Structure formats: structure tokens, C-alpha cells
Amino acid sequence: MAYRLAARGDDVAAARALAAAARAGSIEGMRGLADALMQGRGVLPDPAAAIRWITAAAEAGDTNSQARLGALYANGYGRAPAEGDTGSTFHLPVDVTLARLWSEKAAIQGHVEAQVLLGWLLSRRSGSDGDPARAAEWYRRAADAGSHAAKVGLAMILSNGDLGEPDAAAAVRLYEEAAAVGNPTAIYYLAMAYMLGEGTPQDLDRGVAALKQAADLQVAGAQRSLGVMYMRGQNVAQDGAAAETWLRRAALKGDVEAMALLGDLHAGRLARVPSDIEAAQWYQAAADRDHAGAQMALGLAYAGGRGLPKDVFEAVRWFSKAADSGFVPAQFRMGICHLGGEGVPQDYAKSAHYFRIAAEAGHADALYNLGVLHYHGYGLEKNEAQAMVLYGQAAEKGSASAQFRVGRAYATGAGLPQDDAAALVWTRRAAEQGHMPGQVNLARMLLAQAHGAQGAAAVAEARAWLEKATAAGSGEAMSTLAELIAAHDGAAGVETALEWARRAAKAGDPRAPQVVEALEARAFRGEVR
């Protein structure tokens with residue numbers, strides 16, 4: 001009766017008939033009523049009631065309902081209510097245990113889609129308590145029944161080495177079988193295998209072609225990968241417009257990483273029409289979905305007023321969210337904020353806390369800043385020896401500021417034994433990373449050693465370092481370059497040296513007025529009266 005009423009367009013009467021059949025114990029009636037309640041067909045939408053009827057049918061042994069219930073628990077339904085939300089929107093949270101329970105009931109009865117889902121639920125991709133051996137068993141049963149999705153799942157287990165040694169070649173064979181019938185996911189993974197040369201000879205052209213095929217079949221991961229390739233010029237010519245096209249397609253499918261990358265594309269001026277406003281919008285979209293890197297980027301946009309009104313308090317709010325999720329650059333930034341009182345009260349103890357947790361995660365500049373706090377006794381015990389230990393650790397990890405400090409300590413003998421050779425090594429490392437004071441100090445060290453057969457080469461290298469630092473606006477470098485020119489370019493260079501010294505004075509270098517005075521006296525050619 002329900003089917004006849006629905007065929008005549010009377011959905012309300014059909015729903016009533018389905019309800020009567022369901023209450024009378026008809027499994028088909030339970031399934032039909034659940035569909036009507038989910039879709040709001042002839043009744044008000046009521047997902048909670050729909051799931052109750054699906055559960056009733058599943059408990060009565062209906063294979064399709066068991067499979068459907070397993071999928072619902074695997075994926076969840078609806079969005080969790082936000083904090084403070086008093087609405088009555090229904091939300092079914094993900095429950096892997098119940099998903100496995102119901103999927104297995106259906107899988108045992110031969111439901112192929114449930115077997116595939118159970119394979120995924122037992123794989124390590126669904127959690128640390130996975131059982132790869134059982135996952136592979138269910139994938140094989142589904143694959144033997146003709147499921148190409150199961151072949152993809154089994155291939156991933158083999159390629160990851162979840163059953164022992166990775167077997168990339170066997171994985172590729174399974175991907176090829178599924179790709180041959182147009183399985184989009186298989187085509188995507190096959191593309192990556194061709195590009196990386198895993199399980200098959202590397203073939204970049206074939207890989208790019210397969211990746212484009214998967215992207216055209218709406219695989220968000222393939223679209224994102226193509227976007228990244230065009231963005232960075234990897235295996236294809238760099239093309240900001242193409243990068244934006246593919247990343248946008250993935251982002252509109254809900255790919256959070258693509259959203260963050262679109263923000264990077266615009267912020268890095270690589271988009272066809274770069275826009276700080278659009279960068280901020282994409283960062284916001286990814287940040288709202290808990291992407292820590294986007295939260296950090298959004299905080300920086302607020303801090304610098306790029307695409308958003310400048311707001312240091314909002315910046316700190318996003319830095320804090322990213323830091324709380326364990327994003328190390330944000331933890332370091334929170335240390336900087338508390339150190340300088342940017343958007344939060346100045347608090348050296350909190351600054352030390354953030355620097356410490358970032359340092360424990362390997363952040364070199366956080367280690368260096370911990371050393372600075374120890375050196376001055378800000379928020380930590382004043383301990384210059386411990387500060388020097390931390391500077392050394394940070395320098396080894398690549399902190400340019402720490403390398404500069406270590407180089408200066410070796411040069412002066414303050415904190416470390418005097419060692420001119422070690423001073424030169426560490427100062428050079430800092431200079432090579434663009435550290436302007438390091439570039440200036442390196443130039444001075446080279447000039448101090450500019451004698452003998454290597455003198456001219458040392459002067460030339462010193463000049464090159466100073467020119468780099470002056471191009472970046474260092475007044476100290478301008479003064480030092482003025483002195484170098486005056487000392488090594490003869491009388492013809494005095495006017496050029498004087499010009500650099502005057503520029504240094506305008507840039508605020510405190511030594512510049514003395515250099516200007518000395519050079520003006522040297523350049524004077526009039527008569528003293």
C-alpha cells in the first residue's frame with residue numbers, strides 16, 4: 001500500500017503506511033520509514049528516529065540495515081554542537097567500536113560494501129588499535145567478490161608494510177586492476193606510484209597524466225596534488241593560475257589542506273590575481289576546521305593587518321589555538337607575544353614556558369630565546385653559563401641568532417675560550433643565513449685577517465658581505481663599508497666612503513657621526529685659516 005501511495009504522489013499517506021508496517025515488525029517497512037524520516041518525505045525530517053528504525057531492522061538481522069548502521073557510526077551524522085549552542089540539531093558522533101560491530105555482522109553475511117568498510121575500520125588508517133591482518137582478510141574477501149574499492153584498500157596495506165615488509169609491486173598490480181575499470185582512487189594512487197617510482201619504474205609523464213585523470217574524476221587529493229605541483233613548479237611548469245584552479249576545486253570539496261594552500265598561494269603573490277583579502281578568507285576557512293598552520297597564518301594576517309583589520313588580540317587568539325594543538329611555530333610565537341606584551345600582558349614566566357615546549361620539539365630559536373631569558377634572568381634564574389649552553393645547542397640546530405652569539409663569544413672570550421677560528425666558523429654560518437649583524441661581524445673578522453697573500457681575497461669577501469647587509473638596510477654595515485672603502489680604495493674612494501657614512505648616519509648607526517667626521521677631515525682640500 002505504501003508503495004502504491006508513493007507512486008501516486010501521496011507521500012504523507014505512504015509514510016503512515018510504512019509506519020504501520022514498521023510497528024507490525026516488517027523489516028522492509030522499518031527501512032522504508034527510516035528513509036522517509038531521513039529525507040523528510042511525507043513526514044518532518046527526524047534523523048534520530050530514522051536511526052532508531054535502522055537499528056531495529058539491524059537488530060532483527062537485516063543485512064542491509066546492519067551495513068548502513070555500520071557506515072553511519074563510521075562517518076558520524078551531523079555536526080557536533082558548538083560551545084554554548086542550545087539548539088536541538090541531531091548529532092551522531094563517530095563510534096569506531098559500534099561501526100566495527102555492525103559492519104562485521106553484515107560482512108559475515110556476505111555484504112560486500114560492509115566487508116570493504118570493515119577492512120578500512122580494522123586498518124591502521126582508522127586508529128592505532130587496528131588489526132591489519134584481519135583488515136587484509138576482509139579486503140581479500142571483498143576483492144574476490146569483485147570489489148575494486150577492496151583492491152585499493154588491500155594495496156594500501158601492502159604498500160605501507162602493515163603485514164611485514166612493504167610490497168609496493170603487489171600494491172601497484174592491485175591499483176592497476178582497479179584503475180583499469182575507472183576506480184578514481186586507484187588512478188590517484190597509481191599516479192603517485194608512477195611519479196615516485198614505488199613498485200614500478202618512475203615515469204613522471206605517465207604519473208602526471210594519471211594524476212590529471214584522477215583530478216578530473218573529482219578526487220580531491222589529486223586536485224590538491226596538482227595544485228601543489230603547479231604552485232611549486234614540480235614536474236610541470238610553474239603556473240599560478242592552474243595552481244589556483246586545482247586547489248580551489250579541492251577546497252570547494254572540503255579539502256582543508258587545499259584551503260590553507262590557497263591562502264599561501266595568495267599570500268605568497270603566486271595567484272593570477274593575488275589578494276590578501278582572499279588569502280585571509282581561505283586561512284579563516286581552514287582555521288575554522290582546526291588546521292593549525294592556517295590558524296598561525298590567520299594570526300599573522302591579523303598581526304600585520306594583511307587582508308584583515310590589524311588586531312593583535314585576535315592574532316594572539318589564533319596563535320593560542322594553534323599552539324594548544326601542538327603547532328610548534330605557534331608555540332614559539334606565543335613565547336614572543338608574552339615576551340614583548342603583544343596582545344597579552346608581558347609575562348616572562350609564560351614566555352619561558354612557551355619557549356621551553358617549542359624547544360623540546362626542536363625549535364632552534366626557542367632554545368636561543370630560553371638562553372636569552374637565562375642570560376638576563378627574565379622569568380628564569382639568571383645563569384649566564386646555562387645561557388651559553390643553550391646558545392650552543394641552538395646554534396647546532398641552525399639558529400642564526402645563536403650562531404652569531406656563539407661566534408661573538410669565541411671572538412671576545414666572554415663565555416667561551418677565545419678562539420678566532422671557531423669565531424669565524426660560527427659567524428660565517430650566521431651570515432650565510434642572512435643575519436645582518438653576523439654579516440657585519442664576519443666582514444670585520446675578515447678585514448682583521450686581511451694581510452699577506454690572502455689579504456685581497458679577504459677584503460673582497462668582506463666587501464661582498466657588507467654590500468649584502470647594506471642592501472638590507474643595516475646602518476652598521478654602511479659605516480663599516482665606508483671604513484673599508486676609505487682604507488682600501490685609496491684617495492679616489494674617499495668621497496664614496498663619505499657617502500656611505502652619511503647614509504649610515506641617516507639609518508641611525510651610532511658610530512656613523514664619528515666616521516663622517518673623520519672622512520670629512522680626510523676629504524678637506526681647502527686652506528685652514
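Entry 1: The model is predicted, so I kept to pLDDT of at least 70 for local features and to pLDDT 80 or more for side-chain atom pairs, while totals for chains, interfaces and linings use all residues. Residues are numbered from 1 along each chain as its sequence is written, and side-chain values use heavy atoms, with hydrogens and water left out.

I started at helix H16, residues 276–287. Helices (H or I, at least four residues) are DSSP runs, numbered from the N terminus. What caps the N-terminal end of H16? I found serine 275 there, with a side-chain oxygen 3.3 Å from the backbone nitrogen of isoleucine 277.

**Entry 2: along H16.** H16 has twelve residues and reaches 16 Å from its first C-alpha to its last, close to the 16 Å expected. The expected span is 1.5 Å times one less than the number of residues.

Next I asked which residues of H16 are buried. Buried means under 20% relative accessible area, exposed over 50%, and partly exposed in between (1.4 Å probe, protein chains only). My list for H16 reads Glu278, Ala279, Ala280, Trp282, Tyr283, Ala285, Ala286 and Ala287. Their cover includes helices H14 (240–252), H15 (256–267), H17 (292–304) and H18 (312–324).

**Entry 3: positive phi in two loops.** Most residues other than glycine have a negative phi. I noted asparagine 235, with a positive phi near 65°; it sits in the loop between helix H13 (220–232) and H14. At 46% relative accessibility, asparagine 235 counts as partly exposed. Aspartate 290 also has a positive phi, about 70°, and lies in the loop between H16 and H17. Is aspartate 290 buried or exposed? It counts as exposed, at 63% relative accessibility.

**Entry 4: asparagine 183.** This residue is in the loop between helix H10 (168–180) and H11, and it is buried at 16% relative accessible area. A polar atom of its side chain lies 2.9 Å from the backbone nitrogen of alanine 186. Contact means heavy atoms within 4.5 Å. Leaving aside neighbours within four places in sequence, I found asparagine 183 in contact with His148, Ala149, Val152 and Ala178.

Entry 5: How many aromatic pairs does the structure hold? I have six in my notes. Rings of Phe, Tyr and Trp (its six-membered ring) pair if their centres lie within 6.5 Å; planes under 30 degrees apart count as stacked, over 60 as edge-to-face and the rest as tilted. Tyrosine 175 and tyrosine 189 have ring centres 5.6 Å apart and planes at 15°, so this pair is stacked. Tyrosine 175 lies in H10 and tyrosine 189 in H11, so the pair ties together parts 14 residues apart in sequence. Tyrosine 188 and tyrosine 189 form a tilted pair, 5.2 Å centre to centre with 50° between the planes. Tyr175, Tyr188 and Tyr189 form one aromatic cluster. Tyrosine 175 is buried at 5%, and tyrosine 188 is buried at 13%, whereas tyrosine 189 is partly exposed at 23%.

**Entry 6: nonpolar cores.** A nonpolar core is a set of buried Ala, Val, Leu, Ile, Met, Phe, Trp, Tyr and Cys residues joined through side-chain atoms within 4.5 Å. The largest has 86 residues, and those with the most contacts inside it are Tyr175, Leu211, Ala222 and Tyr230. Its largest share, eight residues, comes from H11 (residues 184–196). Apart from this core lies another of 54 residues, among them Leu367, Leu380, Ala402 and Ala423.

**Entry 7: salt bridges.** A salt bridge is a side-chain nitrogen of Lys or Arg within 4 Å of a carboxyl oxygen of Asp or Glu. The count comes to 18. Arginine 444 and glutamate 476 meet in one, at 3.0 Å from N to O. Arginine 444 lies in helix H25 (residues 436–448) and glutamate 476 in helix H27 (residues 475–488), so they tie together parts 32 residues apart in sequence.

Methods
Polar contact = N/O pair within 3.5 Å; in protein donor to acceptor, adjacent residues only side chain to side chain.
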